[in-house]
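Here are a few notes to read alongside the structure. Take them one at a time, and keep the 3D view open as you go.

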Amino acid sequence: MTRSSGLGLGVGLAALLAVGCGDPLAGLDYHGDPLATVQGLVRLGSTPAPAHALYVVVGWRAEATPDFWTGEVVNVSAGFPASYTLDLLRPPPLEALSVDPETGGRLGFAFVALMEDVNGNGALDVDTSSRGLPAGPDRFRGGAETLMLAYAADPFPAQSKIGQALGALAPGFHLMQADETFQCTWDDARNDWLCPNARTEVTEVPFTTAVDLKVIEQPSEWSPVHAPDWLFL
Amino acid sequence: MTARALPALALLLAAAPTPAAAGTARYALLVGNNRGHADDAPLRFARSDARRLARILIDLGGFPEENTVVLEERRGEAVRRALLSINERVRRSVSGGGRAMLLVYYSGHADARSLHLSGSSLEIEELRKMVAGSAATARVLVLDACRSGSATRVKGGKPAPAFAIKIVDRLSSEGLAVITSSAASEDSQESDGLRGSFFTHYLVSALRGAADRNGDGQVSLTEAYGYAYANTLRETSKTLAGPQHPTYQYGIRGKGDFIITRTDRAAGHGALVFPEGGHYLVLRDGPQGAVVAEVLTERRARVVLPAGRYFVRRRRPDLLLEGWVRIAAGERARLETGAMRRVAYAQLVRKGASARALSHGPQLGYLIHGPVAEGLGPISMVELSYPLSLRHLTLAPRLAYGHFGGDNDYLALEQHEVAASLGAYHAFDLGHLSPFVGLAVGWTLAHQRFESEGVAPDRTSHLLHIGAEGGLDLHLLRGLYLQLRGAALTFVGREPRATITYQAAAGLGWQIR
C-alpha cells in the first residue's frame, strides 16, 4: 500500500467512525425522548368498529380542577384488535396534580382513554370546561378500566402515607394496577362516573404490562376503577 | 506522380518584387510526408508544414508559384525526379548569366542516412549532393525530420534511439546552407498545440517578420535560423522528449547572407506592429484557431500577415492579455495592448499560458442547503473557501458555519453546523465566464440543543456528504470574481442513513496569483 492510499484509507475510516459514533440527527419530527411508554391492544369486543379514527389519549383527573385530557395522540386505524404504543414525552401540567398534605409532594392519576376523531381534524378536540365527560366534537370511546397512570412530581418515600399505600415512588411516570372490585359506574345525571366510597387497592406494575383498551359505544359500557384520591385526604 | 502547385493566389503577387537582388530567379521544392516507413508512427502536420512554408515563400519571398513545387506523401523517386527537373530549370535560368536561388525543404520521418518517404527511402547524402550540385548561386536545404512521430510528440511516448543527420563534408560549396531542425542524438517534435512542428512553426513566424531584428524589412536566412533556433530550443525544453537544437551550416563566403523574405511590400498583406517587447501569439479565426505567428521580441517588432481579423494573445509569466486586431492590405495595424482583455489567473493556468501551474486565492460566500432531516432547513451558512486552480482541475477546500432554529409542539431546536468539504471541478473558459462541473465531498458536524418540558438531551451528529456540483465563475476586475454554485448532495449519517438534498452558494473570490 502506498503512503497516499494508506492516508486516504485512514481518513475514510476515521470519517466512517465519526459517523458511527455520533448521535442521530434530530429533525423537527423529533418530540423528545419518552419519559415512559405505554403499550397494549385496542379491543372492540361486541362494539362495532368506529366510523372515524381512534386516538389514544391520557385524561388527568384532578380533584379541584377540570380534567386535563392531554398526552400524546396515537392514531389507531388498523384492524382490530389494534396494537398501539404511546410515548409519554412530557409531564402533565402541574394543575393536574394533587398535593399530598403530608409531604407536600405532588402526585396525579390519569386514565388511558380512547377518543374518536369525529370532526376528522387529526387532533384531540374536546371541551373540558366542565367536570365530567368532556364534550365534543370528538367523542369518548372507552379506555383501560383497571390500569391507570400516575405521575409523581416529587419523591414519595416508603414511610409516607402514599408510600405505604402505593409503594415508594420516584419522580416520574408510574403504571398502576387497581383492584377491579371498586369499579365506577356511569351516572347520566352527573354526566360522570360514580365511584363507590371505598379505598381502591393500587399497586405499581412495570410499563411492560400491556394496557389494553376497550372500545365502547356508550359511557355506561365502561367501568373504570376509582382513582385513589382518598390518598390526599 | 505529379508536382502539386499551390493555388493561383500567387498570381496576385506577380507584380511583387523579389526579395533577392534584382534578376535572381527563385525556385523551391517543399516535401511533406506524414507517412514514413511502415514502422514509423504517422505524423500529423508534416504535409501542412510544407504547405505553410510554401505559402510564405510565395507571399513574402518572391518565389513564383510556378517555381514552387509542393510534394505531399510522395515516394523517393518522385522527389528525385522533381529536384532534377528543378535543377534543369535552374541551369537554364542561369545559363544566360542570371542568378538563381534554390530552397529545398523536407518535413517528415528520417533516420541517420535517409529520408523516409511513404515506404521508400531517399539518401540524405544524395539529396545534399543534388542541392549542392545545383547551378543556383544560393542553395538552401532545410530538413525538419522527425523520426519517430508520436513517440517524440509533445503528448509523450517512447523516444526512439537517437540519430544524427550527417552532412558528410564541410560545406565547401559556396552559396550552400544546410539547416536541420535538430542536432545529433535529438528528435524533432510536433506540437498539437501549434498544429505543426516546433521548428517549422518558428521558421514561418520568423519569415513573417518576427526575425527581422534590424528592422530593414528583410528576413535573412541567418535571422530566420536564429529566431527558429532560440524558440524551438526554448519550447522543446518543456516537452517530454527534451530540448531540440536546430543546426545551421553554411558556406556563403563572399556572397553575403541569403534574403528569404521581404515584409514591406507584400500584396494583399498588412503589417501587425507590436509596439513593445513581449511574447505574442497571433491566431487565425479566434482563440481556438491556428497559430499563424509567434513573436518573441525584446523591442518593437512586426509581422506581415494576409489581410484579415486576428486574435492576439500576449503571454507574460503571470498575466495573459487577449484581443482582436484587424489588418488591412498595405497598411500597418498597431496592437493596442492597453485595450486587450486581461485574462483571470485561473483561466491563465487552465490555458497553460502561464509559467505557473497553480492559481489560488480566498473566496467568501453565502451558502444554503436543503433539509437533511425532517423540517431541518433550509439552513443558511457562511462559507470560506480557497480554490486551487490547476491546468485541468480546480480543488476547492471549503469551510462553512451555519445556524438553524425551529420548533414543534413539544420542543424548540437550535442547531449549530460546521462543514468541511472539498470540491473538485473542471472549468470551461468562455471569455468572462467560466462554467464548471465537478464533485464535492465533505463532512458536517451538527450540534443540536433542545428546549423541552420532557427529556431531549443535546446531540452531536456527524454526516458525510458526496454529490455533483456545477456553477459559474464571472470574472470581474483584477482577479475578483463572482461564483454561483449549485449541487445535489447525498448526506449519510447514523440517522438519517441517507438523504438527498440541494445546496446553492454565491461567493466573491479573489485570485491572488
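1. Start with F311(B): leaving aside residues up to four places away in sequence, F311(B) touches L283(B), G286(B), P287(B), G289(B) and W324(B). Two residues are in contact here if their C-beta atoms, placed from the backbone, lie within 7 Å. F311(B) sits in strand β18, residues 308–316 of chain B; strands (E, at least two residues) are DSSP runs, as are helices (H or I, at least four), numbered from the N terminus.

2. Why does F311(B) count as partly exposed? F311(B) does so because it has 19 C-beta neighbours inside 10 Å. The cut-offs are 20 or more other C-beta atoms within 10 Å for buried, 12 or fewer for exposed, and partly exposed in between. Also have a look at Q288(B), 23 residues from F311(B) along the chain, with 9.3 Å between their C-alpha atoms.

3. A word on how to read all this: the model is predicted, so local features need pLDDT of at least 70 and side-chain atom pairs count only at pLDDT 80 or more, while totals for chains, interfaces and linings use all residues. Residues are numbered from 1 along each chain as its sequence is written, with chains lettered from A and ligands numbered from 1 in the order in which they are written.

4. Now the largest nonpolar core, which has 89 residues. A nonpolar core is a set of buried Ala, Val, Leu, Ile, Met, Phe, Trp, Tyr and Cys residues joined through C-beta atoms within 7 Å. The members touching the most others are L102(B), A206(B), A224(B) and V282(B). Beyond four places in sequence, V282(B) touches L272(B), V292(B), A293(B), V303(B), L305(B), Y310(B) and V312(B). Another core lies apart from it, with 48 residues, including L88(A) and Y151(A).

5. Where do the chains meet? The contact takes 30 residues from chain B and 19 residues from chain A. On the side of chain B that touches chain A, β27 (411–427), β28 (433–452), β29 (459–475) and β30 (480–493) each give two or more residues. β29(B) gives the most, six residues.

6. Finally, confidence: pLDDT is the predictor's confidence in each residue, from 0 to 100. Chain B has a mean pLDDT of 82, and 82% of its residues reach 70 or more. Residues 1–22 of chain B stay under 50, and over residues 148–172 of chain B the pLDDT is below 50 as well. Where pLDDT is low, the predicted coordinates should not be read in detail. The model scores ipTM 0.79 and pTM 0.58.
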